[in-house]
Amino acid sequence: MLEIITPLFLSLIVGGTLVGIIFGAIPGMTATMAVAVCLPLTYSLGLENGLALLLGLYVGGISGGLVPAILLGIPGTPSSITTTFDGYPMAQRGEGEKALRIGIVSSFVGGIISLIVLWLFAPTLADFAIKFSYVEKFLIIFFAMTVMAALSSDMLMGVFSGVLGVFVSLIGTYDISNGGNGELRLIPPGTEYWLESGFSLLPVLIGLFGLAAILEQAEIGVPKGHSAKDLQVGPKSTFSFAIIARNTFNLIRSSLIGTFVGILPGVGGSAASIIAYTNAKTFSKTPENFGKGEPAGIVASESGNNGLTGGALVPLLSLGIPGDSTTALLIGAFTLQGIQVGPLFIGNNPVTWDAMIVAMLIANVAMFVMMYFAIRYFALVVTIPKHILFPVILMMCVIGAYTINYGIMFDVWTLLIFGVFGWLAGKIGIEIAPFIIGFILGPSAEVYFVKSLESFGDLTIFFTKSWIAVVLWLLIVGSVAGSVLMARKQRRMSE
Amino acid sequence: MGDLTRVTIDFDTSHLIFPTLIACVLGLLGLAVLIRDRARIAATVPYWRGLFAAMDKVRFLGALVLTLLYFSLMVPVGNIWPNTGMGFLLCSIPYLLATGLLFMHERPLRQVLPLLIVAVFGPVFVWWLFTYPLFLSLP
Amino acid sequence: MNITRRTLLAAASAVALLAQPMIAQAQDLPRNMRLVIGSKSTGGDTYQASAMVADALSEKLGINIKVDAVGSSEAFKVLSRDKRGTTIMMFHDQAYLGHLYGVTGYDDIFANYNIGPTVAINPGNAYLVPADSPYQSMDDILQAAADGTRVRVAIQPGGVSEIGFSAMKNAAKVMNPGSEENIVAVNTGSQSDKNQAMWDDLADVINGSIQGNEQFTQLPADDEKAMRFVWITARPETLEQAPEAGMGGTSRDEMLKHASPETSVTLDGNEDFTFDKEFFMLFNKDMDPAISEAIDAALTEIYDAGDIQTRQKEAFFIPNFLPSDEAKAHLQAKRDTYGKVIEQISQGN
């Protein structure tokens, strides 16, 4: 065991984590991309060292996304969308540093909890995960969607926006590789050439959050001053571990939710933080504060998306099936070395397995140390004058959009289309948060809904499939009822 | 329950089921919005007129036009030297500089200089990073 | 605004300067090539096969080749736009199977593109049943269909995953006309969906691969996830080139038991149906033939040297270099055979 922990092994993890954080922190660059570009290096590094690098990139990439989410309101990666909902309002009222610290601590705890789960229960959990058929997966997605109602300032418009997001996500082909029939739909005549594959998530995301925000600033003449207020004000708003302690239950629950969503193949990486956030809001005593700068929201989002890291490795290492798009690339690292991943992996490769656990542990610690002490430098971002910051962000958005699918120009145009749409949306009352959630979850909702009916042929299957389905329905009802009660309470208060 | 809840899905047309369902829900919600917000919708024209009047037209439209130009030129320029990322590099430098100047309020040399440095070295650094260490395609 | 225009002018004059050496080299080979692939994954087999070849070619020819995982529809679009040979494509049998199955976004590659050399085979395409399945072999499955039992096969429709299923139907039709109606498709997506379809008891047989499913065949029989191979579609001469140890707990000899001729899925009553997933290059129709000749020549030298074969075998690929002309004839013959199979089974439906 000890012989694999060499200086090279350690420096690859730390270096990988650092590069991952940078990729995660730049809007448009993602953990998946970081792993993809470094994958060829692993061939010469050997398996354990290669994995050390890739796992560092993975942990760093997922974590780095919180920095621009909080400071600029632009999620650095799709999985940090829910961090913007509360992180950016906090930064705007001068609590950016506090929000960053909350996010980093939550990320660390989420990563460690999921790692413990991975280490102790990987095979058992994989056996549980395969109990989730199309029906249960649809209900999980449906539950995640209920947050749309809760996130909106005007429930009717919020739900409308969310359903619109689902609708837009269905444009293009019913993807064969997800189980569809490959037929086109919802495409205006004459645009098949471009819209065949629909709109990609990342360009849509950075268009809505990045370009649209800059257009809004341009509209009001790019007022001088910083993009967020000075990072610290008054002793009242400084970070203390008491905030985390108050959220202990939320933290553990969100980490476990993130881990579990990672374990379910096909539910997807971005869904983890959305579901954790939905849950936190449903069970919160002050749900009305969510979306306005509630620390518990950051806790849920960040522990949820880092919880994903350990979770997504469970099906990879115990079924040979990736839990998200980044772990799908890790399979490549194994097959390049001629190592099979599947139900026998852990038993057959104990050294590699231990090396992975150790690498994940070190990556999480390295991530925490580097990010916690780099907060002051992150904060410099908001002191850059806007006339320099905005053009640079625009350029990074273009690069991110172009490179996410390895060089497709239509993705850059998507960025512009959704940038303008995001600006317009703000004017006509369409809400971006539910829209993007609908857009992210739409394709999986479709596949699992249609496949449930195709396979079981009866509408009642959604209620009768299993006890898991019943539990999920209880959560769905709880979340919807919570949103309705909250809306009523707010209406009464405003009257 | 019996027959009422039974459904048979024809795989060949299954791509239309969910979009149809969502379109119906969207239509109903849209109708509800129309009814509830009819007063606001009736005021659309004055609302936009007001918005347009208050807008910083030069910066807003300028940013849009520059972005449009930037995106349109990148590929043709890149095609002159295929697969080298030159389209990105040669378009990004003027774009960064132009939007930066557009967003600036006063343009003394002391402020233009840092922008100029960023506009030149930013794209060059990114181009170098993507072409050599990362080995990713740029336009 | 002055600055912009001046910069653009400067850029334009830089064009003139830089263009000189570029044109000089273009007579030979483009300095920077882009190898687009028909898959969106950089962890999958298409990417790996392509990356190995791209590395070897870059070194041999002294040029840069970037592998871009843009996916099939975008790859075909980019390839048909670029006549200069700065973009080439790598894909596998899906390229023509997609057209045979009428999938959106696929057209006739033999008419619209030039076929380049083949480079490798992934011999892994396989069909599996649950460990406790009553079916011990393909014969049992075809017999069950003949006896009127519905056999549900989980596939991803429209290509490589469906062709073996079409062959099963065809064999059923050849042996017992009418029984092909009892072999039905369960349309799923990824490998994970296909496995899940088996565990949810939605499918009796699933399409899979040696690489992805072998470990499930080694699980104890009482594990609910355990599976068994019933058919490996590769040609016996392909499998014979695999490492003798095979993969995981399945030796090459065991693999051969599940492949033709020992496991027979007939094509026409005489010959067996076989399918190898072969990776090959595609070029723009109007590309300078000198470029494809240079690639053929370079690959011939690379395969003669022999290092690439070792690398391919490590990742469970079977090296299979055929220069462009041979590759085209070979793939066209394959396309015709499979076209007939698909035509046979769609008759009378």
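This is a predicted model: local features need pLDDT of at least 70, side-chain atom pairs count only at pLDDT 80 or more; totals for chains, interfaces and linings use all residues.
Me: How many residues does each side bring to the contact of chain C with chain A?

Reply: Two residues are in contact if their C-beta atoms, placed from the backbone, lie within 7 Å. Here chain C gives 41 residues and chain A gives 36 residues. On the side of chain C that touches chain A, the elements giving two or more residues are helix H2 (45-61), helix H3 (72-81), helix H8 (191-199) and helix H9 (210-217) of chain C. That side of chain C holds twelve nonpolar, 21 polar and eight charged residues.

Me: Which residues touch the most other members of the largest nonpolar core?

Reply: A nonpolar core is a set of buried residues joined through C-beta atoms within 7 Å. In this model the largest such core has 208 residues, and those touching the most other members are Val35(A), Leu54(A), Leu55(A), Ile141(A), Ala144(A), Ala359(A) and Ile436(A). Helix H7 (residues 96-129) of chain A supplies the largest share, 15 residues, while domain 1 (2-51) and domain 2 (56-131) of chain B each give at least three residues. A second, separate core of 104 residues includes Tyr101(C), Leu282(C), Ile291(C) and Phe316(C).

Me: Into which domains is chain C divided?

Reply: Chain C is divided into domain 1 (30-122 + 277-340) and domain 2 (125-275), and the centres of domain 1 and domain 2 of chain C, taken over C-alpha atoms, are 27 Å apart. Twelve residues of domain 1 of chain C are in contact with twelve residues of domain 2 of chain C. On the domain 1 side of this contact in chain C, helix H4 (residues 94-100) of chain C gives the largest share, three residues.

How values were computed:
Residues are numbered from 1 along each chain as its sequence is written. Chains are lettered from A and ligands numbered from 1 in the order in which they are written. Helices (H or I, at least four residues) and strands (E, at least two) are DSSP runs, numbered from the N terminus. Ala, Val, Leu, Ile, Met, Phe, Trp, Tyr, Cys and Pro count as nonpolar, Asp, Glu, Lys and Arg as charged, and the others, Gly among them, as polar. A residue is buried if 20 or more other C-beta atoms lie within 10 Å of its own, exposed if 12 or fewer, and partly exposed in between; C-beta atoms are placed from the backbone. Domain bounds come from an automatic or database domain assignment.
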